[in-house]
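Trainee: Before we start, I would like to go through the labels one by one and hear what each rests on.
Mentor: Then ask about each label, and we will set the value against its definition.

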Amino acid sequence: MADRLILAGEIAVTLRPDPRARRMTLRVSGRDGQVTLTLPPDLPRPEAIAFAESRIPWLRRALAQAPQAAPVVFGAALPVEGRALVLTPAPLRSPVVDGGALLLPQARPAAASAAGFLRMLAQARLTAASDRHAGALGRGFRALSLRDTRSRWGSCTHDGRLMYSWRLAMAPPAVLDYVAAHEVAHLAHMDHSPRFWAAVGGLCPDWRMHRDWLRRNGAALQRWQFRPGTAAAN
């Protein structure tokens, strides 16, 4: 069980020892407002508490700006490909988009059905976009997987494995396409050099616009809670 402390009787902080940490780092998640203090494994607890207490004013400001977690329940307006769709129970077996509603099986929890729908949508859209961009770049990739990541929307390994957050299915299609172009460009350039950005521009000329959209709106996509008691389903 994670070690926790309560600051000023109201701020819950999770203490996370990290063998690679050389100093203490205090973080407020832009996804769900959870506070984590990462610290070197042998640091005395009183020193960690003193550090956290010295940051209480900053924590209060950061928490006031953090997005509140939004439960995925029937009646909620969940973003799907950039459109807010009302989650609506219906007597069916599979989710269906119907105008401004996302019809979900009434016999299942809304969160489970909605997460499954988004994963399926993300798999189809990101596979198609990655195939298209890889073909244009003249490079191939070995595999494509989906996760629910906190810190990044996508990644590319040195051996050509692409990984994406399935929450990209919530973003406008052009934004999803930009992320695919970004990761595919890493198949040619495993850095963020001018050559890399030139490759991104060749695949997605309006990449700056879509990157800016993610920077402005990414936290709003991350705040949706697909599993009770957690920030998301993994």
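**Labels and their grounds**

Mentor: The largest pocket is lined by 26 residues, and those nearest its centre are Ser-151, Arg-152, Trp-153, Gly-154 and Leu-214. This is a predicted model, in which local features need pLDDT of at least 70 and side-chain atom pairs count only at pLDDT 80 or more, while totals for chains, interfaces and linings use all residues. Residues are numbered from 1 along each chain as its sequence is written, and side-chain values use heavy atoms, with hydrogens and water left out.

Trainee: What makes a set of points a pocket, and a residue part of its lining?
Mentor: On a 1 Å grid over the protein atoms alone, a pocket is an open set of points with protein on both sides within 12 Å along at least five of seven lines, where a cavity is a set in which a 1.4 Å probe fits but cannot get out; a lining residue has an atom within 4 Å of a point. The largest pocket has a volume of about 600 Å³, a volume being the space filled by probe spheres set on the points, which are joined across faces, edges and corners.

Trainee: Which elements give two or more residues to the lining of the largest pocket?
Mentor: Strand E11 (154-156), H4 and helix H6 (207-222) do. H6 gives the largest share, seven residues. Elements are DSSP runs numbered from the N terminus: helices (H or I) of at least four residues and strands (E) of at least two.

Trainee: How do the residues of that lining divide by class?
Mentor: They divide into seven nonpolar, eleven polar and eight charged. Ala, Val, Leu, Ile, Met, Phe, Trp, Tyr, Cys and Pro count as nonpolar, Asp, Glu, Lys and Arg as charged, and the others, Gly among them, as polar.

Trainee: What does the second largest pocket look like by the same terms?
Mentor: About 210 Å³ of space lies in the second largest pocket. Its lining has no nonpolar, six polar and three charged residues; Thr-14, Arg-27 and Arg-150 are among them. Strand E2 (11-17), strand E3 (25-28) and strand E4 (35-39) each give two or more residues to this lining.

Trainee: Why are the buried residues of H5 said to line one face?
Mentor: The buried residues in H5 are Phe-196, Ala-199, Val-200 and Leu-203. Seen down the axis of H5, they fall within an arc of 100 degrees, so they line one face of the helix; the arc is that of the directions from the helix axis to the C-beta atoms. The face turned away from the buried side carries the exposed residues Pro-194, Arg-195, Ala-198 and Gly-202. Helix H3 (110-137), H4 and H6 are among what covers the buried residues of H5.

Trainee: Where is His-189 found, and what is it in contact with?
Mentor: His-189 is found in the loop between helix H4 (173-185) and helix H5 (194-203). Contact means heavy atoms within 4.5 Å. Leaving aside neighbours within four places in sequence, His-189 is in contact with Arg-195, Phe-196 and Ala-199. At 15% relative accessibility, His-189 counts as buried.

Trainee: What makes the phi of Ala-8 worth a note?
Mentor: Most residues other than glycine have a negative phi. Phi of Ala-8 is near 55 degrees, a positive value in a residue other than glycine. Ala-8 is found in the loop between E1 and E2 and, with a relative accessible area of 48%, is partly exposed.

Trainee: Why is Glu-81 called partly exposed?
Mentor: Its relative accessibility is 25%, so Glu-81 counts as partly exposed. Glu-81 also has a positive phi, about 50 degrees, although it is not a glycine.

Key
Buried < 20%, exposed > 50% of the residue type's maximum accessible area, 1.4 Å probe, protein only.
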